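Subject: Structure for your set

Hello,

Here is the structure for you to look over. My notes on what was found follow below it.

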Amino acid sequence: MSEQVTLDQPEDTAPEPAKDGASGAGAGGGETLLEVSGLQKYFPIHGGFIVKRRVGDVRAVDGVDFSIAAGESLGMVGESGCGKSTTGRLVTRLLEPTGGKITYAGQDITHRSRKELAPIRSEIQMIFQDPYASLNPRQTVGSIVSAPMEINDINPSGGREKRVRELLEIVGLNPEHYNRFPHEFSGGQRQRIGVARALALDPKLIVADEPVSALDVSIQAQVVNLLQRVQKELGIAFLFIAHDLAIVRHFSQRIAVMYLGKIVEIGDRASIYERPRHPYTHALLSAAPEADPDDDGRERIRLAGDVPSPINPPSGCRFRTRCWKAQDKCATEEPPLVQIGGNVAGHLTACHFPEEPTITARKEDIVLDPALAAIEEAAEETP
Ligand SMILES: Nc1ncnc2c1ncn2[C@@H]1O[C@H](COP(=O)(O)OP(=O)(O)OP(=O)(O)O)[C@@H](O)[C@H]1O
């Protein structure tokens with residue numbers, strides 16, 4: 001999808017990764033802005049016709065630890081349904097956590113009420129995936145972008161309209177389009193309106209949930225470059241959620257890889273892309289468009305089969321049912337997310353049998369799904 005995307009070269013001007021992973025997930029070198037520990041979100045499942053009772057839970061997020069330094073961008077990747085969006089919504093407190101702790105700028109905000117959150121509401125903003133659904137079609141761009149100022153009763157010097165015009169200019173839109181409606185803009189322009197709205201209150205942290213995946217490939221790079229500029233020039237920290245590793249690579253100083261409600265690997269960009277240790281990270285990287293086995297000799301791993309149900313996740317390591325390295329221990333002992341031998345400080349991996357820290361080729365393809373392997377074998381045998 002993203003092979004046509006050309007992005008500005010990533011500059012390493014942002015905070016360096018931490019030299020220790022003491023917090024359990026590695027932190028950016030700067031002052032910690034957001035700290036998440038043991039975060040859980042279980043969605044109850046109710047059954048029964050007459051008397052509704054709780055029959056189980058969707059364990060969307062199941063014990064997640066990470067932190068984000070001021071001005072740093074943490075990328076969060078993983079297949080659909082692994083809990084990325086839920087994590088983003090927990091951080092912005094659009095959802096109430098089931099367990100764990102969220103600390104923002106030194107304050108515990110885990111269970112704060114709407115009213116109690118008011119003082120920091122403006123500092124944490126969200127950019128949504130769908131620029132069509134997230135903008136009210138009946139409002140002008142001016143009222144959409146100024147709404148956060150109105151809701152929070154903020155009156156910038158020079159007035160709200162002047163500020164909105166400035167914001168439109170920052171995101172690359174014509175300030176004269178203040179009175180236009182969303183349908184008069186293209187998808188990329190609408191996402192720029194979403195970015196302008198998120199910037200209206202001078203946020204310190206933006207959670208961007210798949211901000212470009214609904215856009216045309218040709219437009220994706222422009223919006224990513226805009227976000228990158230915003231992050232660098234305005235010093236805003238980002239939790240950048242995407243399934244596309246190529247996009248995250250250019251945007252994030254650190255990357256967290258999620259699988260079935262858990263972080264399985266986290267580290268600085270170079271560690272994750274050049275020295276990944278978790279088999280799942282290897283699989284995701286090999287599936288990325290950049291990983292052309294003919295070009296760079298990378299292994300090709302077909303991550304076949306679906307992610308198991310988060311209602312009843314596999315025991316021990318959750319990836320074991322799709323992992324080519326799984327052994328008995330993986331079913332009985334959950335591997336902790338720690339700095340394993342060979343990893344640099346801050347690069348943490350949750351695996352009993354990690355891969356070599358390399359992305360060079362294996363001798364043969366790995367097929368993760370035994371059923372698929374059997375089908376392929378049968379096909380080969382059939383003349
Ligand atoms: N309100 C809800 N009620 C019940 N289950 C939910 C709810 N929201 C999310 N889930 C479930 O939680 C799990 C994680 O969903 P989530 O949207 O966080 O994943 P994701 O990694 O962001 O995937 P995607 O990229 O498809 O959005 C999924 O199994 C999803 O079906």
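The axes of helix H5 (residues 187–199) and helix H6 (residues 217–234) come within 9 Å of each other and cross at roughly 15°. Axes here are lines fitted to C-alpha atoms, for helices over the stretch in contact, and angles run from 0 to 180 degrees between N-to-C directions. H5 is therefore roughly parallel to H6; angles under 35 degrees count as roughly parallel, over 145 as roughly antiparallel, 65 to 115 as roughly perpendicular and the rest as oblique. Helices (H or I, at least four residues) and strands (E, at least two) are DSSP runs, numbered from the N terminus.

This is a predicted model, in which local features need pLDDT of at least 70, side-chain atom pairs count only at pLDDT 80 or more, and totals for chains, interfaces and linings use all residues. Residues are numbered from 1 along each chain as its sequence is written.

H5 passes H6 in a right-handed crossing. A crossing is right-handed if the near helix is turned clockwise from the far one by less than a right angle, and left-handed if anticlockwise. On the H5 side, the contact is made by Gly187, Gly188, Gln191, Arg192, Val195 and Leu199, and these meet Ile219, Gln222, Val223, Leu226, Leu227 and Val230 in H6. Two residues are in contact if their C-beta atoms, placed from the backbone, lie within 7 Å. The residues of this contact of H5 with H6 divide into 7 nonpolar, 4 polar and 1 charged. In this scheme Ala, Val, Leu, Ile, Met, Phe, Trp, Tyr, Cys and Pro are nonpolar, Asp, Glu, Lys and Arg are charged, and the others, Gly among them, are polar.

H5 also packs against H3, at an angle of about 30° and with the axes 7 Å apart. H3 and H5 are therefore roughly parallel to each other, and their crossing is right-handed. Val141, Ile144, Val145 and Pro148 in H3 meet Ile193, Ala196 and Arg197 in H5. That contact of H3 with H5 holds 6 nonpolar residues, no polar ones and 1 charged.

The axes of H3 and helix H4 (residues 160–170) come within 9 Å and cross at roughly 115°, which makes H3 roughly perpendicular to H4. H3 passes H4 in a right-handed crossing. Gly142, Val145, Ser146 and Met149 in H3 meet Arg160, Glu161, Arg163, Val164 and Leu167 in H4. The contact of H3 with H4 divides into 4 nonpolar, 2 polar and 3 charged residues.

Which residues of H3 are buried? They are Val141, Ile144, Val145 and Ser146, and what covers them includes H4 and H5. A residue is buried if 20 or more other C-beta atoms lie within 10 Å of its own, exposed if 12 or fewer, and partly exposed in between, with C-beta atoms placed from the backbone.

Some single residues may be worth a look. Aspartate 153 follows H3 and lies in the loop between H3 and H4. Its phi is near 55°, a positive value in a residue other than glycine. Most residues other than glycine have a negative phi. Aspartate 153 counts as exposed because it has 6 C-beta neighbours inside 10 Å. Leucine 260, in the loop between strand S9 (254–259) and strand S10 (262–268), has a positive phi of about 50° although it is not a glycine. Leucine 260 is buried, because 25 other C-beta atoms lie within 10 Å.

Asparagine 136 is in the loop between strand S6 (124–127) and H3 (141–151). With 12 C-beta neighbours inside 10 Å, asparagine 136 counts as exposed. Its C-alpha atom is separated by 9.8 Å from that of histidine 183, 47 residues apart along the chain.

On the ligand: 13 residues surround it, and the closest are Phe43, Ala60, Ser80, Ser85 and Thr86. The shell divides into 5 nonpolar, 7 polar and 1 charged.

For the chain as a whole, there are 12 helices and 13 strands. Buried residues make up 44% of the 383 residues. Of the contacts with a separation of 6 or more, 69% are between residues 24 or more positions apart.

Regards

How values were computed. Near = placed C-beta within 6 Å.
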